[in-house]
Structure formats: C-alpha cells, structure tokens
Amino acid sequence: MSVRLFAHMALTLLLLFAATAARADDEKVVNVYNWSDYVAKDTLEKFTRETGIKVRYDTYGDNEILDAKLMTGQSGYDVVFPSATPFFAQQIKAGIYRPLDRSKIPNAKGVDGDVMTSLTRADPGNLYGLPYMMSATGLGYNVDAINRRMPNAPVDSWRMLFDPAVVSRFKSCGVTLLDTPTEVVPAMLTFMGRDPLEQTPAALDTAMHALAPLRANYRYLNSDKYRSDLASGDTCLAHGYIGDLVQVRARARESKAANKPNIAIVIPKEGAMVNIDVMAIPADAPHPDAAHAFINFLLRPDIIADITNAVGYANAVNASLQYISPEIKNDPVIYPPADIKARLFSALPPAPPGFDRQRTRAWTKFRTDRQ
Amino acid sequence: MTAGRAKLDWGRRAVLTLPFVWLLAFFLLPFIIVAAISLAESRVGIPPYVPLFDWTQGGVWPASHASLDNFVQLFQDDLYVDAYLHSLSVAGISTAICLLIGYPMALAIARAAPARRGPLLMLVVLPFWTSFLIRVYAWMGILKDEGLLNSLLQGLGLIDQPLVILNTDLAIYIGIVYSYLPFMILPLYATLERQDPALLEAAADLGARPWRAFLSVTLPLSLPGIVAGTLVVFIPAVGEYVIPDLLGGSGSNMLGKALWDVFAMSRDWPTAAALAVAMLAALVLPLGLLNRLQRRLEPAEEGA
C-alpha cells in the first residue's frame with residue numbers, strides 16, 4: 001500500500017497538470033484511470049484504431065488512491081474502475097458519478113443479469129456502473145507446509161482461518177489476513193453462519209469478538225505483502241484476492257528455486273465475497289461521449305475475453321466465454337462451478353452513517369491486538 | 001556609495017525573503033488547510049467535509065461553525081492516545097540507539113587522519129545513492145525466517161531454529177535505526193570535528209585520563225550536535241509509516257498507520273486532519289524544549 005502510495009503521490013502531481021491540460025481539447029480523447037496490469041496488451045491500441053479516439057491511460061494500485069482523487073473533485077478522468085465494495089457504493093452516495101447513458105452502451109445488454117442484480121445493492125437501479133472484472137476472495141496455501149502440520153486439514157473451509165483449533169496449527173509457518181474489514185468481517189460472518197452483508201453494530205461486534213482471540217495466530221494483516229511471501233514460501237496460508245493468488249500460484253510454479261512452494265487456491269465452501277470492479281464516469285468527466293464509447297468497447301465479448309485471457313480475472317459478459325482460453329474457463333477459482341457460485345455474494349450496501357468510523361476503530365484495535 | 005549599499009540591502013532582503021516565501025507556500029499554507037479541515041464536520045460528498053468557508057456566493061462567507069469536536073473525540077479515545085504514546089516511544093528508543101551507535105562512529109571519523117575523513121564520511125552517505133524503499137526491501141530479505149541473517153547464524157551453528165525478527169517490533173527498530181543513522185552521524189561529526197585537539201591535551205596535562213577528558217570536555221562541547229542529530233532523527237521517526245508497514249507485524253499501533261486508517265478506510269478527512277495537527281502539536285513541545293536547550297548551549301560553545 002505504502003510503496004504504491006509514494007509512487008502515486010508523485011504521479012498525482014503530474015496527472016493534475018495533465019488533466020488540467022486535457023480539459024481544453026476536443027472529444028477525440030479519453031482519460032482512463034485503471035488498475036495496473038488490467039487490460040490486454042493491444043486493447044487500447046485497438047480502441048484507438050476503431051474509433052479514432054486517443055486513450056490517455058494512467059494506472060493506480062489502490063482503491064484509496066482513486067477515492068482520494070475523486071473526492072477532491074475535478075480529477076480530469078473520464079473512465080475509472082472502482083471496486084464495488086465499499087468504494088463505489090460510497091462514492092455514488094457522495095455524488096461523484098454521472099448516470100450512464102445506456103443508449104450509448106449497447107453492449108451492456110450482454111452483461112450477466114445476476115451480476116447486475118447484485119450490483120444494485122451498491123448502485124440502486126444500476127444507474128452509474130457496469131461490471132468490468134470480478135474475483136472472489138479466498139485462501140491460498142502452501143500444500144506441503146499445510147499437509148505436514150495437519151494431514152487432513154479442512155482446506156476448503158473458512159475453518160482454516162477462523163477455527164482456533166485449526167489455524168493455530170499453521171501459526172508456525174505464517175498465516176496472513178487481508179488488512180480490510182470489509183473483507184474479513186463478511187468472511188467471519190459467513191463462517192459463523194450469519195448474513196455476511198449485515199452492516200450493523202451488533203454484527204460487527206459479533207465478528208470482532210470472534211476475531212480478537214485469533215489475532216495471535218496471524219503473522220500480519222496486509223493486503224499487498226502476502227503475495228510475495230506466499231510465493232516465496234515465507235508464509236503458508238493467506239487470505240487473499242483470488243486474482244492475486246492466481247498470479248502467486250503461477251509465479252511459484254515458474255520459480256526455479258529447488259524448494260519452490262506448491263500453491264493451491266480455494267474459494268471456501270461456506271461462501272465468499274466477490275469483488276466486482278465497475279466502470280464508471282465521474283460527474284465532471286471532460287469527455288463523456290468518448291467515455292461511453294470506451295466502456296461500450298470494453299464490454300464487447302471478444303475484447304473483454306482478450307482482457308480476461310491476459311489478466312486471469314473473470315468477466316460478466318456471458319458471450320465472451322467462447323473466446324476464453326480453456327485453462328482459465330475451467331479453473332474453478334476463476335470461473336467457479338454452479339454449487340460454489342450459488343454461495344458467493346458481492347457488493348455490500350454503503351455503510352450507514354457513523355458505522356464506517358466505528359468499523360475502522362474496531363479494525364485498528366484488532367490489528368494492533370488491543371482488547 | 002549609497003546606490004551600492006541600497007543594492008546590497010535589496011539583495012540581502014531577497015535572500016532572506018526566499019526561505020520565508022518557501023516556508024509560507026509549502027509549509028504554512030498546507031498546514032492551515034489541514035488545520036481548517038480538522039475543525040470541519042465530516043459528510044458524504046465532495047469534498048468529504050463541510051468547508052468552513054463558502055467561496056461560491058461572491059466573497060468569503062463562513063459556511064459552517066468550526067468545532068473542536070474532532071480533537072475532543074481523539075483525546076477521549078484511548079486507541080489514538082495510545083498511538084501517540086507508542087509512536088513517541090518508538091521514535092525515542094530509535095533515536096537513543098542511533099545516538100549510541102552514531103556517536104562513536106562520528107567521533108572515530110572526526111579523530112581519523114584528515115585524509116581519511118572524506119572517504120569515511122562518503123561511506124556514511126553512500127546508502128543514499130540507492131532508493132530508500134529498495135534498502136528497506138533489502139532488510140526484508142535479510143531478516144526473514146529463511147533470510148541471510150538466519151542462514152548465516154544457522155550455518156555457523158549458533159541457532160537451531162530461525163530467529164523470528166521480520167514482522168516484529170524489533171524489525172521496526174532495526175529499520176528506523178538503519179535508515180536514520182546518517183542523519184545522526186553528520187551533525188555529530190560537524191561539531192566533533194570542530195573541537196580543538198588542544199583542549200584534550202590540556203585536559204591530559206591537568207591529569208585527566210582519556211575517559212574523564214571525554215566526559216568533561218568532548219561530550220559537553222558536542223551537545224549542540226547531539227541536540228541537532230536527535231531532532232533530525234526523532235521528528236521524522238514519529239510519523240514514520242513505510243518502515244513499520246513493510247518490516248513490522250502490523251501489531252504496532254503507530255500514528256502514521258492510524259492516520260491512514262481514518263483517512264482511507266472510513267474516509268473521515270476531518271478526524272485524520274485532527275490527528276495530523278495533534279501530531280504536529282505533540283512534536284512542537286519536545287522540539288521547543290530542545291531548541292531552548294540548544295540556544296543555551298551555543299554561547300558556551302562560542303566561549304570555548
């Protein structure tokens with residue numbers, strides 16, 4: 001987080017100038033602000049070739065960076081890709097976005113209906129956003145290290161992380177949690193058999209009470225570090241984003257180290273959160289027409305299939321499946337089978353006023369292990 | 001004559017104005033903005049706080065009432081009070097270790113043959129040629145369970161089990177001391193190098209053993225350097241964010257991280273701003289004390 005923060009601080013200054021300059025020109029350009037490594041190599045080039053619209057493309061590594069920039073206003077961007085939970089939901093409430101003109105996005109009708117429905121919790125009426133890429137949150141683990149410590153570990157369950165009798169066995173080889181209450185609290189509520197989407201002080205209390213005694217089992221809470229540590233074998237069990245974990249697994253496989261870890265990934269059977277990154281247009285976007293054209297282009301089945309093939313995230317355009325490579329299409333953690341899919345949930349509604357503050361406080365308290 | 005003098009005055013004034021303009025533009029103004037946000041009320045909107053002044057109505061009108069609620073809330077919450085105390089103690093301990101390591105090094109360099117001082121100082125500054133982040137990452141490689149340090153110690157047969165250092169408070173101290181040590185050595189060297197060796201000879205003539213001479217001559221005379229080095233290390237260490245994040249085990253309740261949580265997780269800019277203002281206030285006190293101490297020491301140095 002911090003490393004990227006510094007790089008992005010410097011970038012922000014530059015972009016501020018770029019964006020101010022951009023506002024003056026005509027509609028033949030679109031200012032895109034997307035996650036790093038989140039398009040195929042030739043996506044932007046193809047778009048410019050087909051439409052004549054130039055793409056000014058900048059990337060970020062954290063929702064927080066995007067949020068801070070949007071919340072200050074006049075970011076100069078035309079298309080951004082916030083995560084539905086909790087960012088997109090809160091940003092809509094703050095009035096950051098412009099309603100999408102669906103007549104300019106004909107490809108939107110190819111988007112999966114269930115995904116659109118789940119997005120309505122964050123975006124009532126689906127007015128402001130369309131889904132781009134999706135990835136569940138799950139567990140990545142080092143197969144040998146886990147087997148050695150617990151031969152028949154319940155690897156397909158949140159028990160790995162939240163059952164004190166199980167997780168304590170893995171403490172010695174390194175267990176890590178995402179540093180985000182909006183991931184960990186719903187996961188804990190799922191594990192306890194409660195409604196993961198519930199955002200009330202009572203539900204928060206219940207989850208935090210269950211988490212507090214487990215804290216000593218987690219080596220650290222961080223949403224970045226776990227990737228390199230799991231890939232190098234320094235940790236053995238990580239709560240993480242499946243999209244990231246898939247890259248960790250690939251990196252570990254390609255490693256030439258003699259004792260390279262064998263990484264497996266699961267979506268816990270009790271159910272898990274799906275993160276949906278949406279495409280949205282800021283209210284003060286300088287080139288709204290170009291922005292609509294860009295979103296429409298990205299939703300074209302062959303284009304979004306290229307992107308899925310390149311980045312390893314699932315998309316919500318059903319007709320794109322035919323273009324997706326078999327190893328991605330058949331990977332149960334990228335495109336989960338029906339029984340798992342039925343237990344996935346996504347898009348927490350925006351937190352009620354004051355709840356955010358309460359949750360952050362409880363989280364800081366948990367992270368720093370103060371009871 | 002008079003024309004030349006006027007020109008000199010003008011030039012001198014320009015030189016003096018420049019740092020003030022710099023401080024005004026890049027320290028005072030941003031600070032006032034942060035302080036204003038800290039008095040505002042949080043809301044859901046752009047910006048995520050109610051601005052204290054309304055610029056839209058033509059002229060500047062107070063749009064809402066400033067309140068100290070954010071500060072009151074901070075001091076009522078033991079979590080944030082604890083973050084202050086913890087940050088101050090981490091910075092204090094790190095500074096003390098820097099001083100303990102840095103002082104002998106600065107002294108050794110100052111007492112080295114003049115031809116060697118340059119290269120030795122160069123070695124102190126050399127790490128700056130690599131990016132700070134890369135050096136912190138390198139420490140991760142050294143300190144981790146199967147890292148350089150543990151492999152070495154295990155290879156030598158000194159330990160059976162790897163020492164768990166990475167992701168603990170110890171790693172934070174190592175990181176901070178390593179990163180800030182040059183800032184301690186340089187001001188210490190500057191004062192030690194200026195000391196007249198004749199003073200020590202005089203002490204010896206009067207029968208003082210080396211240790212005694214150090215305690216009553218060298219050490220007191222180097223106090224300005226100690227104060228300067230302490231300030232330069234302590235102040236940034238209090239707000240340190242990167243080192244605890246990368247090397248620490250996230251169990252350390254430090255201000256930088258607490259501030260990030262409030263700012264980014266709950267998007268509560270006013271409370272985050274209040275934290276930042278309070279942090280500055282918490283620093284101004286020890287800084288003021290040290291500054292007074294330094295001023296009292298300076299005439300003594302000139303007298304010597």
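Let me begin with Y178(B), which is partly exposed at a relative accessible area of 27%, where partly exposed means between the buried class, under 20% relative accessible area, and the exposed class, over 50%, with a 1.4 Å probe and protein chains only. This is a predicted model, in which local features need pLDDT of at least 70 and side-chain atom pairs count only at pLDDT 80 or more, while totals for chains, interfaces and linings use all residues. Residues are numbered from 1 along each chain as its sequence is written, chains are lettered from A and ligands numbered from 1 in the order in which they are written, and side-chain values use heavy atoms, leaving out hydrogens and water.

Now to the rings. Over all chains there are 23 aromatic pairs, a pair being rings of Phe, Tyr or Trp (its six-membered ring) with centres within 6.5 Å, called stacked if the planes are under 30 degrees apart, edge-to-face if over 60 and tilted for the rest. W139(B) counts as buried, because its relative accessibility is 19%.

W211(B) and F214(B) are stacked, 5.7 Å centre to centre with 20° between the planes. W211(B) is exposed at 61%, whereas F214(B) is buried at 17%.

In chain A, ring pairs join Y33(A), W35(A), Y60(A) and Y77(A) into a cluster.
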